[in-house]
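This briefing goes through selected parts of one protein model, topic by topic. Please keep the sequence and the 3D view open while reading.

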Amino acid sequence: MRGISVGRTALAGIVCALAMLAGPALAAKRVALVIGNNDYRNVPKLQKAVNDARTMGDTLRQLGFSVMVAENQTRQDFSRTLLAFDRQIEAGDTAFFFYAGHGFEIAGQNYLLPTDVPAATEGQEELVRDASILADRIVERLQNRKARTSILVLDACRNNPFERKGTRAVAGGAGLAPMIELPEGVFSVFSAGPRQTALDRLSDNDSNPNSVFTRIFAKELLQPGENMVRVAQRTRRIVSEMADTVRHKQVPVYFDQMVDDVFLNGLAKAAQPKPAPTEPAPKIAALTPVAPLKPPSNEALNAPIANFSRHNGGWTVVFSIADPALGISWRMDENGEFKETGFLDTLDQRTRKRMPNPAIELPADAPAATIQMRYVDANGEMKGPFPIRFDPDAALIRDQRKILDMTATSWLSFRQFNGLLVYYTHLMSYRCAIREVKIGIDSSVPDRTLKMPPCDPRDPVAIPSNATPYLKLPPATKTVSVELTYRDGSVSEIKSFRR
């Protein structure tokens, strides 16, 4: 079945990718296998799978991959092609596998269908298994070849290809099952969420030769200086928005098992003489847009840095100084006398003297200003003053973002009280750093937006009395996934919480 609302089942796949960031790692090569299957003999033919494979092949060549392209593979052809690909991969390589064609899920496992897969009816699941390629097995092969990063993208999320009028189909559903339990070094991307189908086209007038997912994914791969997480996030947002225009649900998802950030086009960006312009930070609640903090122009090599932390009583500012210090003093802007921070009841082993207090307190309503800070070094010489910029809006967001990153296991909690509840009090307490929270109930695809009260910079951690920090769940709920979009537009990894 093909059409506007039914589209190709696209499994966008598993991306094991090597971080191409520096020196010795660049010695490893990049190899790719791209397969597109259109001409099925016993199940419905496809129109764009071969085009998708060719587009991806061209894209990967631009990214420095040595690319093998295979089209309309039978089961025997498929096996021989995979064997040839195996021989191209050496330890430490980046391996990229792309497949466009029919895919099918049986009992939670995903199978890639060769062009000669037999027609099957109810009870013939083993026939399909034996005649197809197990997606998990491809991951294993890449791991066995010791590829440091393996990229497997499967554009294969169509409807059940075995459905026939008047017959009972093989047991399986539309879309593909999530591939969550991946080994280290694998980054998986699906062009549509579990049990979703992916669009070939947006309308009968859509003349683009590629599926909706592939046309966006290939373009995002070429964006200079973007890591794979960012590529997946941007692809998900654009594809989802495009599908919404025709009232279709298609939300690409990804699962990150990478050790390092993976930049497939990072070197191209580094070679650019001018940095790419940054998008202005979006506005949220009563906060003004946040400008990135810039180091002062007259900062010395050993200039101190400051960490700002917001609490109910106001601000705590902690100075970090590389040198041992005998005393610390400060003032706001250029006005007034310098104030001593005092001393701690602790001896500094480097100076054998009492350690100066590295922290100061500021009121909650302290305006943006420049803190002038100076210190006396171990030789008794005065260093500074050093200007440290204090921007309360930016500092609040950075502080809360840091807390959220460090406490990700506490984002959600379950409780039984007149039914099953999931609490997101923790997220609400640090909402000033968050633009949007989405959750998925018994789904790895967060597709429901949680309502959050606006941020109150005067008392940012307090939860309003009229806010409801929990959501009632169906009694049989097993898991809830959650994803945060931060104020700067970046998106967290999808976290899963089990009862």
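Which helix lies across β11 and β12, and at about what angle to β11 does it run? The helix is α8, residues 392-406, and its angle to β11 is about 80°. The model is predicted.

**Sheet with β11, β12 and β17**

- Three strands form an open sheet in the order β11-β12-β17, and their pairing is antiparallel.
- At the edges are β11 (305-311) and β17 (359-362), each of which pairs on one side only.
- On average, neighbouring strands in this sheet are turned by 25° against each other, with direction ignored.
- The antiparallel strands β11 and β12 (residues 314-320) are joined by seven bridges.
- Across this pairing, F308 stands opposite V317 in β12.

**Strand β22 and its partners**

- Strand β22 (residues 434-441) runs antiparallel to strand β25 (residues 479-486), and seven bridges join the two.
- E436 has T485 of β25 opposite.
- Strand β22 is also joined to strand β23 (residues 448-449), by two bridges and again in antiparallel fashion.
- K438 has T449 in β23 as its bridge partner.
- The hairpin of β22 and β23 has six residues between the strands, and D442 in this hairpin takes a positive phi near 55°.

**Helices α1 and α5**

- Two packed helices are described by the angle between their axes and the distance between the axes.
- For helix α1 (residues 49-62) and helix α5 (residues 212-221), the angle is about 5° and the axes are 10 Å apart.
- Angles under 35 degrees count as roughly parallel, so α1 is roughly parallel to α5.
- On the α1 side the contact is made by D52, T55, M56 and T59, and on the α5 side by T214, F217, A218 and L221.
- By class, the residues of the contact of α1 with α5 are four nonpolar, three polar and one charged.

**Cavities**

- How many cavities of 30 Å³ or more does the structure hold? There are two cavities of 30 Å³ or more.
- The second largest cavity has a volume of about 30 Å³.
- Its lining consists of L82, F85, D86, F97, I138, R141 and L142.
- Helices α2 (75-88) and α4 (135-144) are the elements that give two or more residues to this lining.
- The lining of the second largest cavity has five nonpolar and two charged residues, with no polar ones.

Technical notes
Residues numbered from 1 in each chain as written. Predicted model: local features only at pLDDT ≥ 70, side-chain atom pairs only at ≥ 80, totals over all residues. Heavy atoms only, no water. Pairing = 2+ DSSP bridges. Helix = DSSP H or I, 4+ residues; strand = E, 2+ residues; numbered from the N terminus. Axes fitted to C-alpha atoms, helices over the stretch in contact; angles between N-to-C directions. Contact = heavy atoms within 4.5 Å. Parallel < 35°, antiparallel > 145°, perpendicular 65-115°, else oblique. Nonpolar A, V, L, I, M, F, W, Y, C, P; charged D, E, K, R; others polar. 1 Å grid on protein atoms, 1.4 Å probe; cavity = no way out; pocket = protein on both sides within 12 Å on 5 of 7 lines; lining within 4 Å. Points joined across faces, edges and corners; volume = space filled by probe spheres on them.
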